[in-house]
Amino acid sequence: MKKLGIYVIVSFLVISGFVTFKEPGWTIEHFMDVSFIVGLVLLLLGLLIWVVRGGFFDIFHSSMRMLFNFGPNRRSAEEIREAGMLSELVAVKYHHLLIVGGIYIVVNLLFLVIFY
């Protein structure tokens, strides 16, 4: 929970920096625009990591390794299998990205209902 609060604060500072440099004056519309984009990027990045860690691209990854295995550094099929699957290589946690991105999307939807 402590890390989640840190992620929300850091992302809020990033949004504030973008809003400040984009337009000199702070308006709720500028904040909504930038926070929606940041929330969407975080949400999509979290979903991508979730799909990759779920093993969806493992077969594609191993077949591409075998397909492009040529030249002087050619490895055996056993060495390629021992190298590991893509889902084992990605060790990034995606929960915080999904939660923070979801928070910003929900806050933007609430602002949209309130202000428009």
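**View 1. The largest nonpolar core of this predicted model has 12 residues**. The structure is a predicted model, in which local features need pLDDT of at least 70 and side-chain atom pairs count only at pLDDT 80 or more, while totals for chains, interfaces and linings use all residues. Residues are numbered from 1 along each chain as its sequence is written, and side-chain values use heavy atoms, with hydrogens and water left out. The core is made up of Leu-4, Ile-15, Val-19, Phe-31, Val-34, Val-38, Leu-42, Ile-49, Tyr-94, Leu-97, Val-100 and Tyr-104. Two or more of its residues come from each of helix 1 (2-22), helix 2 and helix 6 (95-115). Helix 2 gives the largest share, five residues. A nonpolar core here is a set of buried Ala, Val, Leu, Ile, Met, Phe, Trp, Tyr and Cys residues joined through side-chain atoms within 4.5 Å. Buried means under 20% relative accessible area, exposed over 50%, and partly exposed in between (1.4 Å probe, protein chains only). Helices (H or I, at least four residues) are DSSP runs numbered from the N terminus.

**View 2. Phe-31 is a residue of helix 2**. Phe-31 counts as buried because its relative accessibility is 10%. Not counting residues up to four places away in sequence, Phe-31 touches Phe-12, Ile-15, Val-19, Trp-26 and Phe-111; contact means heavy atoms within 4.5 Å. Thr-20 is 11 residues from Phe-31 along the chain, and their C-alpha atoms are separated by 9.3 Å.

**View 3. Val-38 also lies in helix 2**. With a relative accessible area of 15%, Val-38 is buried. Val-38 and Ile-105 are 67 residues apart in sequence, and 9.0 Å apart in space from C-alpha to C-alpha.

**View 4. Tyr-104 belongs to the largest nonpolar core**. Its contacts, leaving aside neighbours within four places in sequence, are Val-8, Ser-11, Phe-12, Ile-15, Ser-35 and Gly-39.

**View 5. Helix 3 (residues 58-67) has buried residues Asp-58, His-61 and Ser-62**. They lie on the same side of helix 3, because they cover an arc of only 95 degrees around the axis. The arc is that of the directions from the helix axis to the C-beta atoms. The buried residues of helix 3 pack against helix 5 (86-89). Ile-59, Phe-60 and Leu-67 are exposed on the other side of helix 3. Ile-59 has a relative accessible area of 62% and is therefore exposed.

**View 6. A nonpolar surface patch covers about 650 Å²**. Its residues are Phe-36, Ile-37, Leu-40, Val-41, Leu-44, Leu-47 and Trp-50. Val-41 lies in helix 2, which spans residues 28-53. Patch residues have over 30% relative accessible area and no salt bridge, with like charges joined within 9 Å and nonpolar side chains (Val, Leu, Ile, Met, Phe, Trp, Tyr) within 5 Å. Accessible areas come from the Shrake-Rupley method with a 1.4 Å probe, and for residues only the protein chains shown count as cover. A salt bridge is a side-chain nitrogen of Lys or Arg within 4 Å of a carboxyl oxygen of Asp or Glu.
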